[in-house]
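Here is a friendly note to read alongside the model. Take the points in order, and keep the viewer open as you go.

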Amino acid sequence: MARENTVRDGVRELRREADGTDAATQAPSWLLTQAPSWLLLQKVTLPDRVAGYVHRSQLMERVMPTRRRLTVLKASGGFGKTTLLAECCRALREQGVPAAWVSLDEQDEPEVLQAYIGFVCQNAGLDFAAAPDAQEKGGGPGGPVGAVVRAIQALDGPFVIAFDEAERLHDPASVALLEFMLQRGPANLHLAVAGRRVPDGLNVTGAVLDGRAQIVETGELRFSRAEVEQFLDPGLSRRALSREMKRTAGWPFALRIARNRIEGGDEAGVGGDFAGNWIESCLFAGLRREDRDFVLDVALFDWIDAPLLDEVLERTDSMHRLDSMSLLAGLLQPVGGGGARRWRLHPLLREHCTRQRFGDTPERFRAVHRRIAEALARRGETVPAMRHAVEAGEPLLAGDILERAGGVRLWTRQGAMQLQAADRLLSHEAISASPRLALVRCLVLGFSGQLDAANRLYRQVAATRPPSGEVTDEAAFEHFVDDCIARGGIAWYWGDSIDSDRTRSLAADMRRLASSPRLDRLTRGHMAYSQSVLHQVKGEFDTALERLAAGRTLLPDNLYMTMYGAFVRGQVAMAQGRARESESQLRSARRIAMKSFVADPVPAVTADILLQELSLERNRMAPSAEQRDVICEFIKRGAPYTVFAAGAAVAIEAPLGAARRDEALAVADELLVHVRNAGLTSLARYLCALRVSVLVAARRLEDAGRAWRDEGLPEGYAGCVDLKRQTWREMEAVACARLRWLIASARFGPARALARALTAIAFERGLRRTHMRALALSVALEEHAGAPRAAEEHLQAFLELFAESPYAWAPVREREVVPKIRTGSLEWILRL
């Protein structure tokens with residue numbers, strides 16, 4: 001029941017996306033975009049037609065996915081579910097109906113699964129660009145599932161998504177993705193699910209009862225006598241046919257083996273009710289001991305190719321030997337992608353052989369896994385290599401493989417998804433034995449927003465780090481580089497204030513490493529980009545763009561750098577009032593994300609949140625309450641400082657445009673509790689400032705003053721506008737909140753001093769958005785102070801800036817306390 005409730009909760013969250021939001025559904029991770037292409041393609045490529053395929057026209061017509069919303073093929077292994085569903089999809093494609101294919105497995109966590117869904121739909125021809133953009137429909141963070149739903153809805157005809165091996169999908173939130181598409185997908189979306197069982201939480205029964213779904217089970221998938229005859233041999237005697245019907249019971253898997261034996265002139269029988277018994281008594285009947293051992297060894301590989309097999313098994317004829325085994329015909333399945341031809345054993349056969357190998361000779365089981373791990377590590381396939389090391393019962397070897405692959409540098413080379421996958425394979429023993437592996441865990445904890453845990457572990461590791469001035473030998477240098485990357489990753493998620501000793505030390509170390517000839521270009525480029533992020537949040541925009549350019553010089557063809565560089569340039573342009581340039585950069589980044597990194601939903605989500613912030617600043621369509629909920633859930637699961645700050649501001653401030661102060665305060669309270677529990681010091685100050693502004697808007701001045709004092713926020717104007725100890729976003733939020741409180745408290749002298757200081761620092765740093773907010777508040781100040789001429793001067797200054805930077809949110813935000821803006825110029829501004 002608890003699992004079902006969890007799934008229903010996930011579905012409810014996903015339903016918020018149905019009106020145009022394409023929010024990610026799981027904790028963002030800095031996903032690695034480039035897992036080996038063959039690994040991706042084997043999950044998303046329509047299986048080839050099997051040899052000896054028998055066309056079953058009536059069954060195909062019955063299970064054709066376009067006949068209903070949901071088609072379920074449910075049966076035990078070997079009943080041809082995959083073959084039948086693949087043939088349906090193949091037929092649909094031949095008719096011009098797009099049909100996408102996803103093979104599910106236990107590793108399909110929500111963000112991974114929805115990335116695959118986006119990828120396969122794009123490959124099936126779905127045009128995301130033709131669908132309404134999230135921003136045009138009211139915003140909300142984006143991700144593959146939301147984009148898919150909108151793009152399919154925009155089609156004139158049907159679109160099919162087929163999910164194979166559904167029994168391997170265990171994560172309730174991943175099941176919620178399928179339930180969401182079933183319940184809330186557009187009418188022209190047709191789903192097909194094949195598996196040994198229906199995942200818990202997918203409400204197939206309800207869909208069947210209301211006529212939207214059909215379940216096809218074992219009895220209907222068995223071959224009829226006529227089909228068995230056609231498949232085996234039309235010339236088979238009646239007695240022989242009856243014998244095969246009795247032995248196989250129409251089970252396609254058993255029929256495949258029977259056909260192999262008949263074609264080989266072997267009349268051995270097929271019997272038994274269970275796959276294992278059948279494999280041993282029939283498939284392996286008469287097999288030489290050495291051949292059986294060979295097959296059991298092959299079963300331990302996730303995939304095989306000739307060089308890998310030969311290297312691990314210390315042979316030179318491995319694939320030739322496999323090809324010569326007629327009993328494996330049709331059971332050795334091709335795996336898509338990669339430069340070399342690759343195969344894997346039929347899952348049923350592989351599962352049985354793996355159990356047999358471990359039961360017969362556990363020492364051999366572990367030895368082969370170890371050799372596979374070493375061979376894959378030499379190929380640079382780090383995570384698969386680690387997985388085999390764990391299977392070998394050698395967690396320290398798994399850790400050693402990750403260290404050899406660069407430790408935290410796996411993030412810079414292959415992305416966060418791969419780093420997180422590697423971290424899941426690290427044992428406590430391996431982490432305790434290696435400071436470099438402990439840094440991996442620190443970084444992954446930071447990605448998930450667990451800053452307290454990340455910092456606690458980092459403090460333990462930091463004691464082993466050599467001081468930067470004492471890095472002489474190569475091992476110490478490598479440790480130092482890893483440490484700097486880990487600190488940079490944690491800093492992106494902002495566990496420290498901008499003026500902390502650790503942040504200053506990090507900035508100095510990054511400067512040194514970005515120009516170090518001892519580092520490879522990729523790591524130096526990463527350091528340069530990290531510097532640009534640090535300078536951007538500090539409001540040092542010229543330096544940020546200069547470091548970004550340096551990174552692009554080191555990595556001119558790196559699309560990831562191009563995309564994230566566009567994020568930095570878009571944020572700088574937004575802060576400096578260049579709205580069109582900002583939108584262009586952010587949309588460019590989003591296009592790259594959706595085209596080249598569809599397996600990584602985080603960039604698209606980042607783009608949508610930053611575009612939503614820009615949209616709010618221009619007083620365009622604000623997000624709905626449901627969309628704001630999605631934003632909050634997304635950033636709470638772990639988001640970099642800029643994304644968190646932008647998302648929080650949108651979620652808190654947008655309700656104020658409609659005077660929904662209680663709603664804004666509830667969001668601020670929720671996020672503030674979260675960041676305090678997570679140890680996010682800088683974000684706590686920032687959110688407290690936003691919350692104080694809401695309290696002032698609600699006329700709760702005593703509560704606002706108390707909250708200010710409790711957080712220890714500065715009362716003098718110098719502390720409010722200090723950009724040495726605050727990010728530019730934090731400074732803006734703190735100064736504006738203090739100024740609002742001073743105005744509402746009729747403390748006009750201190751308010752004028754703060755307004756002048758804020759205007760000056762904004763002008764000096766080129767912070768056009770901040771400058772315009774300061775002028776709007778100055779109008780409010782002078783109106784309250786009874787100085788209409790001064791208010792008019794500030795309004796005129798605002799309108800001059802508005803002519804270049806169409807940021808209307810500031811006067812809208814203050815309109816309840818600024819009569820002149822409310823009655824006259826606001827309407828003119830909004831028309832523009």
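1. A word to start with: "buried" means under 20% relative accessible area, "exposed" means over 50%, and "partly exposed" lies in between (1.4 Å probe, protein chains only). Strands (E, at least two residues) and helices (H or I, at least four) are DSSP runs, numbered from the N terminus. With those terms, look at strand β4 (residues 189-195), where seven of the seven residues are buried.

2. Before going on, please note that this is a predicted model, in which local features need pLDDT of at least 70 and side-chain atom pairs count only at pLDDT 80 or more, while totals for chains, interfaces and linings use all residues. Residues are numbered from 1 along each chain as its sequence is written, and side-chain values use heavy atoms, with hydrogens and water left out.

3. Back to β4 and its two faces. Leu189, Leu191, Val193 and Gly195 point one way, His190, Ala192 and Ala194 point the other way, and all are buried.

4. Which strands pair with β4? Two strands pair if DSSP finds at least two bridges between them. β1 runs parallel to β4 and is joined to it by five bridges, and β3 (residues 159-164) also pairs with β4 in the parallel sense, over five bridges. Ala192 in β4 has Thr71 opposite it, and Ala162 stands opposite Ala192 as well. From β3 the chain passes through helix α7 (residues 172-184) to reach β4, a right-handed β-α-β crossover. Right-handed here means that, with the strands pointing away from the viewer, the path from the first strand over the helix to the second runs clockwise.

5. Next, find Met64 in the loop between α3 (57-63) and β1 (70-74). Its relative accessibility is 10%, so Met64 counts as buried. Beyond its neighbours within four places in sequence, Met64 is in contact (heavy atoms within 4.5 Å) with Thr71, Cys88 and Leu92.

6. Now helix α32 (residues 601-617). Its 17 residues should span 24 Å at 1.5 Å a residue, and the end C-alpha atoms are 25 Å apart, which agrees. The expected span is 1.5 Å times one less than the number of residues. Because 17 of the 17 residues of α32 are buried, the helix is largely enclosed by the rest of the structure.

7. Finally, the whole chain. The protein chain has 44 helices and seven strands, and buried residues make up 59% of its 832 residues. How many disulfides (pairs of cysteine sulfur atoms within 2.5 Å) does a search find? The search of the whole structure finds zero.

Key. Disulfide = S-S within 2.5 Å.
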